[in-house]
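These are my notebook entries on one protein model. I set down what I looked up, in the order in which I looked.

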Amino acid sequence: MKKILSIFTACFVMLMILLFSLPDAEIINAEEEAVSLNITLKNSNGSSTAALRDKKYDTTVQYKSGDYVTISSETPMAGIYIIWGSKVSPWNLSCGSKRTEYGKNGFLHEYIALDTEVRECTIELNDDVRISDIYAYSKGILPDDVQVWEPSCKKADILVFSTHADDEILFLGGVLTTYGGGRGLGVQVVYMTNYWNGARIREHEKLDGIWTCGVKNYPVNMPYDDLYAKDLAGAQKVYDEEMITSSVTEAIRMFKPQIVVTQDLNGEYGHGGHMLLAKCVCTAVDNSSKAEFCQESSKAYDTWDVPKTYLHLYADNKLKLDLRQPLEGLNNQTALDVAKAAYKKHVSQQWCWFYVSDEYEYSCNDFGLYRTIVGSDTGKGDMMENLTSYAEQDRIAQEKAEAEALLTKAAEEEQARKNAALTQAALDKGSNESSKDSSTADKPKDNDNNPTTILIIILVILILAAAIYFYLTISKLNKKKRLLEQKRRQAGRRQSNRRPVPAANAGKRQSVPKRSTGNSGRPSDRSRASYGTAPASGLKTNRAKPPVSHSRRKASDGIKKDYRNK
């Protein structure tokens with residue numbers, strides 16, 4: 001038994017060592033990756049669906065209110081991914097008898113995770129819209145390029161103002177990758193311009209770019225077209241500076257950022273639009289805490305004083321981000337490498353000479369602290385110095401609330417015990433006064449009758465009984481084992497004491513010698529020796545003599561003397 005137990009223990013230890021030495025991927029059966037399915041599309045208006053499957057942003061299908069698109073697949077669909085070609089308005093998705101409204105967030109790239117896998121569903125349109133592409137995916141982990149957006153931040157750790165699509169990566173990309181993708185903070189991007197009246201493909205490219213940077217909160221567009229200006233004066237002619245300042249102030253009060261980041265006051269390479277946005281941001285952060293400034297947004301969202309504001313390439317209070325350290329949030333890539341990959345998503349702008357770098361004059365890691373209400377930076381190279389992220393603030397507040405709740409509950413329980421004790425004391429006093437003779441019977445019962453105590457006693461008895469039974473069983477088995485071993489040893493000794501049969505007589509029947517008698521009619525000495533009886537005097541035998549008492553020995557000696565005299 002001990003040997004079997006030792007072997008089992010050794011095997012178990014070896015198995016544990018083997019399991020812990022394997023990579024995590026081999027121990028845990030990770031969820032399979034989702035794959036893009038072959039689907040069949042059918043438009044209710046009879047138009048072609050070829051453009052919906054060509055994977056091109058610049059080809060779309062026009063739909064009117066009331067039109068619908070049926071999606072079917074032989075393989076069950078766990079989700080559908082729609083690339084819209086125009087601004088999105090609410091629409092409905094029907095799966096069997098279930099009908100659900102989507103599109104409220106206005107996501108241009110919209111992934112819908114289905115509650116249950118289906119082989120057919122229908123997109124029902126409630127407005128005139130365009131659709132660029134439709135995909136369907138099986139159950140599992142989605143590919144990295146499928147954008148599952150979260151709504152815009154309620155409170156942003158960092159609010160980034162960018163003039164155009166691609167400026168947020170070329171000049172501010174170090175912030176997006178370091179704090180958005182790398183550290184997982186709430187980074188909200190706001191664009192001054194949009195492209196719905198121009199090159200719509202750039203609306204898709206801006207989403208692809210910031211998604212690659214690791215930003216998951218959907219960006220916001222101001223209602224201004226992309227208009228070129230050579231300098232600040234030119235920008236002030238084509239844009240309404242007061243309106244842009246109001247839009248920036250509204251965004252600040254809405255998202256209540258801890259940090260605001262925007263472009264160079266000199267417009268990087270001298271772009272008038274960049275200069276105007278930077279000027280408007282500075283005006284907004286200087287006045288967003290005043291209720292009389294831009295009163296409409298003040299009434300809607302209250303005022304907000306931004307703790308820290310950074311400007312690209314600002315000369316004072318310099319801060320340079322380290323973009324060359326691998327970050328776990330970026331799958332151990334550097335922030336610089338991710339920013340370079342993100343800029344390549346702006347396919348329509350690759351003809352320009354600009355590039356992403358942390359070494360040239362427009363470096364995306366070079367910033368200066370324009371304004372602070374939480375103290376100056378100390379050279380740590382961290383914009384979040386002297387600040388605590390909203391997520392960390394929420395965690396601390398939750399822990400504090402839980403601790404206070406525990407204290408409150410403990411105080412309430414203590415008060416309840418005191419009240420119960422006072423009530424019991426009052427009842428005992430009244431009982432003693434009303435019936436002094438029966439005080440013993442009226443005493444409150446001890447806690448020995450507490451069901452919990454009784455249950456514990458029963459469990460202890462059962463455990464003891466089981467232990468005794470186990471001990472007796474083991475003892476009985478050991479006793480049997482000892483008896484069997486003793487019998488084996490006795491049988492072995494008998495076998496070893498048995499006289500061996502001579503080889504010459506092997507297989508022959510042994511004859512028993514006849515007993516011969518003398519003249520006296522008694523067996524002769526030879527006969528007695530053959531049968532193992534005591535021989536006459538002078539004969540030797542191997543048989544051991546039995547012990548004889550002293551008195552019997554004397555009598556025996558006398559008889560022998562008489563026999564000799566005869």
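**Entry 1. Nonpolar cores.** I began with the largest nonpolar core, which holds 75 residues. I asked which of its residues touch the most other members; they are Ile 123, Val 261 and Met 383. I note here that the model is predicted.

I then listed the neighbours of Ile 123, leaving out residues up to four places away in sequence. Ile 123 touches Asp 67, Tyr 68, Val 69 and Ile 71, then Ile 80 and Ile 82, then Trp 91, Asn 92 and Leu 93, and also Ile 134. Another core, of 24 residues, lies apart from the largest one. I recorded Ala 156, Tyr 239, Phe 255 and Leu 277 among its members.

**Entry 2. The protein as a whole.** I counted 15 helices and 16 strands in the protein. Of its 566 residues, 36% count as buried. I also looked up the contacts between residues at least 6 apart in sequence, and 76% of these join residues at least 24 apart.

**Entry 3. Helices α7 and α8.** Two packed helices are described by the angle between their axes and the distance between the axes. I took helix α7, residues 241-255, and helix α8, residues 272-287; their axes come within 8 Å and cross at roughly 55°. That angle makes α7 oblique to α8. The crossing in which α7 passes α8 is right-handed.

I wrote down the residues that make this contact. From α7 they are Glu 241, Ile 244, Thr 245, Val 248, Thr 249, Ile 252 and Arg 253. From α8 they are Leu 276, Leu 277, Lys 279, Cys 280, Val 281, Thr 283, Ala 284, Val 285 and Asn 287. By class, the contact of α7 with α8 has nine nonpolar, four polar and three charged residues. Leu 277 of α8 contributes to this contact, and Leu 277 also belongs to the core of 24 residues.

**Entry 4. Helices α5 and α10.** I next examined helix α5, residues 201-213, against α10. The two pack at an angle of about 165°, with their axes 8 Å apart. The cut-off for roughly antiparallel is an angle over 145 degrees, and α5 and α10 are therefore roughly antiparallel to each other. I noted a right-handed crossing where α5 passes α10.

Gly 209, Thr 212 and Cys 213 make the contact from α5, and Val 338, Ala 341 and Ala 342 make it from α10. I classed the residues of the contact of α5 with α10 as four nonpolar, two polar and no charged.

**Entry 5. Ala 339.** I stayed with helix α10, residues 335-343, where Ala 339 has its place. Is Ala 339 buried or exposed? Ala 339 has a relative accessible area of 0% and is therefore buried. Leaving out residues up to four places away in sequence, I found that Ala 339 touches Ile 169, Gly 173, Thr 177 and Val 356.

**Entry 6. Positive phi values.** I checked two residues for backbone phi. Asp 302 has a positive phi of about 70°, although it is not a glycine. I located Asp 302 in the loop between α9 (295-301) and β12 (308-312). With a relative accessible area of 48%, Asp 302 is partly exposed.

Leu 313, also a residue other than glycine, has a positive phi near 65°. I located Leu 313 in the loop between β12 and β13 (318-320).

Key:
Residues are numbered from 1 along each chain as its sequence is written. This is a predicted model: local features need pLDDT of at least 70, side-chain atom pairs count only at pLDDT 80 or more; totals for chains, interfaces and linings use all residues. Side-chain values use heavy atoms; hydrogens and water are left out. A nonpolar core is a set of buried Ala, Val, Leu, Ile, Met, Phe, Trp, Tyr and Cys residues joined through side-chain atoms within 4.5 Å. Buried means under 20% relative accessible area, exposed over 50%, partly exposed in between (1.4 Å probe, protein chains only). Contact means heavy atoms within 4.5 Å. Axes are lines fitted to C-alpha atoms, for helices over the stretch in contact, and angles run from 0 to 180 degrees between N-to-C directions. Helices (H or I, at least four residues) and strands (E, at least two) are DSSP runs, numbered from the N terminus. Angles under 35 degrees count as roughly parallel, over 145 as roughly antiparallel, 65 to 115 as roughly perpendicular and the rest as oblique. A crossing is left-handed if the near helix is turned anticlockwise from the far one by less than a right angle, and right-handed if clockwise. Ala, Val, Leu, Ile, Met, Phe, Trp, Tyr, Cys and Pro count as nonpolar, Asp, Glu, Lys and Arg as charged, and the others, Gly among them, as polar.
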